[in-house]
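Visitor: I would like to go through this structure with you, one site at a time. Could you set out the terms as they come up?

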Amino acid sequence: MRGPNEILKEVYGYDSFRPMQAEVIEHAISGQDSVVIMPTGGGKSVCFQIPALIFDKLTLVISPLISLMRDQVEALKSNGINAAYFNSTQSDYEKRIIIEDCIKGKIKLLYIAPETLIHAFNAWLKDLPISMVAIDEAHCVSMWGHDFRPEYAQLQAIRKRFSNVPFMALTATADKVTREDISKQLGLNQPQLFLSSFNRKNLSLAVRAQIPKKQKEKEILTFILNRPDDCGIIYCLSRKETESWSALLNSNGINARHYHAGMDTASREAIQDGFINDNFQVICATIAFGMGIDKPNVRWIIHNNLPKNIEGYYQEIGRAGRDGLPSDTILYYNYRDVKMLNDFVDDSDFKETYHEKIRRMLNYAEATSCRRNILLSYFGEYREEPCENCDICNNPPAFIDGTTICQMALSGIIRTKEQVGANLLINILRGAQTMDLMDKGYHRIKTYGVGKQYSFRAWQHFINQIINLGYIEIAYTDHLKLKVTEAGKAVLFNSKNVELSDYIEKKEIKTSKKSQNKTIKASGLSQKIKEFRLELAKTNRVPAYVIFNDATLQELVSHQPKNKEELLAIQGMGKVKVERFGNELIKLIQAAKPSSNSTKKHTTLITLELYEKGLSIEAIAEERGFSTTTIVGHLCKLYEDNYPINLNQFVTEYEVNTIKQIRKKLKNTNQLKPIFEALNGSIDYQKIGIALTILSKYQ
Ligand code: ADP
Ligand code: ZN
């Protein structure tokens, strides 16, 4: 019998387990219950899928995320595993087939939503032999969790019926109350708790404080334009902002959409699908976006405002880099965000708690030591060594004696009778001649102009810290005016020493060096493999990542496997995938190798021979065992090399003209995708590719 390690390699194509996976699997195989807490992207699925493959009967997987079920099941099938899902979106006929397959023992894993489960259980499931029950998103069973679903409460009945089979509850929710409640609510039998680290090393962390709007827009645009192949999410506090960001990005040639809860269901679903299928590069969304999105190649997350708590923030940035590749996260915030958040919660019964959560969030944003350690300590994991992948670790602050700086600020506040906010105070300290300042006569006070030597941004940086140190507080309820605290008075009057981190002018956003080097550049080969993947995905009606994810893509590009053995050594290439499309993939990779120019020429010439015999694209593809995309590629290449290829027989003049117009609007892009989308899919990729080749010749 195959053990977990062999299954991991053969079925999934992975060499080693991630932390905690092997232990969880062993525990389930031994027939015991468990509660598994792993961060998003930690690899929970493998934990119940491998035991399911080892057991001989059916494993039930309970999940509330109906929209994800099909993709999850397709991903299993693509690895050769007999899986099915059962939910309210299916026809009676489809359901009957699944029931029969389950009864015949043909299915290893059955994904089912809790609301469907109870009915199915009474009707036919209760008499079936079951090996294991996995409950995904298990926090939904607890009233303490952030997403309580009443149907989960009925799972107790399932437990009673299958009292002797192992149950596995899985969630990414970290908080302790929920964790403990899960086992109680599900009636688990002395479950073992597997709590994996919440450290997501591949996510870089950066914060940008108090950046003026225009500059922020410029920074974010530059950031995205520098990563044309990377998709990401901008989280905004308000619906209006999601719309204005999306408009701004689109007007700069970036394919973006907005998403918020005020939109109708159909539009929201269309946008989710489009994002999952890589049709849009950027989603500008409120936090309503993300639940139930399993896209593994989200390369960056930007927060346009301060989130209201660390839990939410961590979940949101956790949506980046599920495939384990380096990904960037940047948080922008200013004091207005803080005021707005505080105003939101002011009427709540839990006001104190919410204010405290906002305060913790702000502390994170204003940190002067490793940000990751601050996040992890919030979740109860304590670490001291610097992470080397946050803006603070990459750019450690130098500390200076800030006593005088601090005294200048405090004295400015006192002399203006605590009636000014941070910006006005800075203008006073820098001796600016603004109207409001002169009107109020602040140019006559003693501290006017004493801090000229520091720039406006430098002062912002210092004042942030002074607030953090507790010498100044912000009156959130009184127009964000600054007040001197008791501790502040000690600095001002007793000359208590203050250390501040120095201000270093940052020209651009620093993100992880790793990600800049490692993200897939649009090299010819990766583009070809991507197109191959997209074609397979379309044929099978699944998102591209189900065929293989970007981590696998990257290995394919860097290792360029020459045969099936080498292909099997690539992470994420299991046996079934290699059997299904390995040969074609190897041919494609070998043909695209720059070093093998001669074979490339050779291969296009073979295509030419067949073309000259009058074979259609399809027939040539069939004959040569290549995809039609590859053959079209050959013909275009031959055309460019001035061979007598009549590309016009594959596209109409009207289509070429349409593409020409659209391309002009898209700044003469040579990328297929933006054109395809601008045409709303009315002309297929193949034709667009051909049209571009024709156009490029007559440019
Ligand atoms: P979660 O459900 O915890 O968010 P998933 O189960 O979806 O995470 O796994 C996240 C990604 O990690 C998937 O693309 C999965 O294929 C990959 N993965 C899981 N286990 C391993 C492993 N041992 N080695 C490499 N990749 C893995
Ligand atoms: Zn760090």
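Guide: Helices here are DSSP runs of H or I with at least four residues, and they are numbered from the N terminus. Please keep in mind throughout that this is a predicted model.

Visitor: With that definition in hand, in which helix does Cys 636 lie?
Guide: Cys 636 has a relative accessibility of 8%, and because buried means under 20% relative accessible area, this cysteine counts as buried. Its C-alpha atom is separated by 6.6 Å from that of Ile 690, a residue 54 positions apart from it along the chain. The helix that holds Cys 636, covering residues 628-640, is H30.

Visitor: Turning to the metal, which residues coordinate the zinc ion (ligand 2)?
Guide: The donor residues of the zinc ion (ligand 2) follow the sequence spacing C-x16-C-x2-C-x2-C. Each coordinates through its SG atom, at 2.4 Å. The residues are Cys 370, Cys 387, Cys 390 and Cys 393.

Visitor: What is the geometry of the site of the zinc ion (ligand 2)?
Guide: For four tetrahedral donors the ideal angle at a metal is 109.5 degrees. Four donors count as tetrahedral if all angles lie between 85 and 135 degrees. Among the four donor atoms of the zinc ion (ligand 2) the angles run from 103 to 121°, and the site is tetrahedral.

Visitor: Is Cys 393 buried or exposed?
Guide: Cys 387, which also coordinates the zinc ion (ligand 2), has a relative accessibility of 16% and counts as buried. Cys 393 has a relative accessibility of 13%, so it too counts as buried.

Visitor: How many residues surround ligand 1?
Guide: By class, the shell around ligand 1 has four nonpolar, eight polar and three charged residues. Helix H3, residues 44-54, gives the most to this shell, with three residues. The closest residues are Tyr 14, Ser 16, Gly 41, Lys 44 and Ser 45, and the number that surround ligand 1 is 15.

Visitor: What percentage of ligand 1 does the protein bury?
Guide: Polar atoms of the protein approach ligand 1 at several places: a nitrogen atom of the ligand is 2.9 Å from a polar backbone atom of Ser 16, and a nitrogen atom of the ligand lies 3.0 Å from a polar side-chain atom of Gln 21. An oxygen atom of ligand 1 is 2.7 Å from an N or O atom in the side chain of Ser 45. Taken alone ligand 1 exposes 560 Å², and the share of this that the protein buries is 82%.

Visitor: What is the phi of His 479?
Guide: Most residues other than glycine have a negative phi. His 479 lies in the loop between strand E15 (472-475) and strand E16 (481-484), and with a relative accessible area of 64% this histidine is exposed. Although His 479 is not a glycine, its phi is positive, at about 55°.

Visitor: Where does Ser 495, with its phi near 50°, lie?
Guide: The phi of Ser 495 is a positive value in a residue other than glycine. With a relative accessible area of 48%, Ser 495 is partly exposed. Its place is the loop between helix H21 (486-494) and strand E17 (499-501).

Visitor: How far apart are the C-alpha atoms of Ser 501 and Glu 385?
Guide: Ser 501 lies in strand E17 and, with a relative accessible area of 2%, is buried. Along the chain, Ser 501 and Glu 385 are 116 residues apart, and the separation of their C-alpha atoms is 19 Å.

Visitor: What is the C-alpha to C-alpha distance between Gly 253 and His 355?
Guide: Gly 253 is found in the loop between helix H10 (239-251) and strand E10 (256-259), where its relative accessible area of 62% makes it exposed. In sequence Gly 253 and His 355 are 102 residues apart, and in space the distance is 40 Å.

Conventions. Residues numbered from 1 in each chain as written. Chains lettered and ligands numbered in written order. Predicted model: local features only at pLDDT ≥ 70, side-chain atom pairs only at ≥ 80, totals over all residues. Heavy atoms only, no water. Donors = N, O, S within 2.8 Å, 3.2 Å for Na, K, Ca; no water. Tetrahedral: all angles 85-135°; square planar, octahedral: opposite > 155°, others 65-115°. Buried < 20%, exposed > 50% of the residue type's maximum accessible area, 1.4 Å probe, protein only. Near = heavy atom within 4 Å. Polar contact = N/O pair within 3.5 Å; in protein donor to acceptor, adjacent residues only side chain to side chain. Areas by Shrake-Rupley, 256 points an atom, 1.4 Å probe, with all protein chains shown as cover. Helix = DSSP H or I, 4+ residues; strand = E, 2+ residues; numbered from the N terminus. Nonpolar A, V, L, I, M, F, W, Y, C, P; charged D, E, K, R; others polar.
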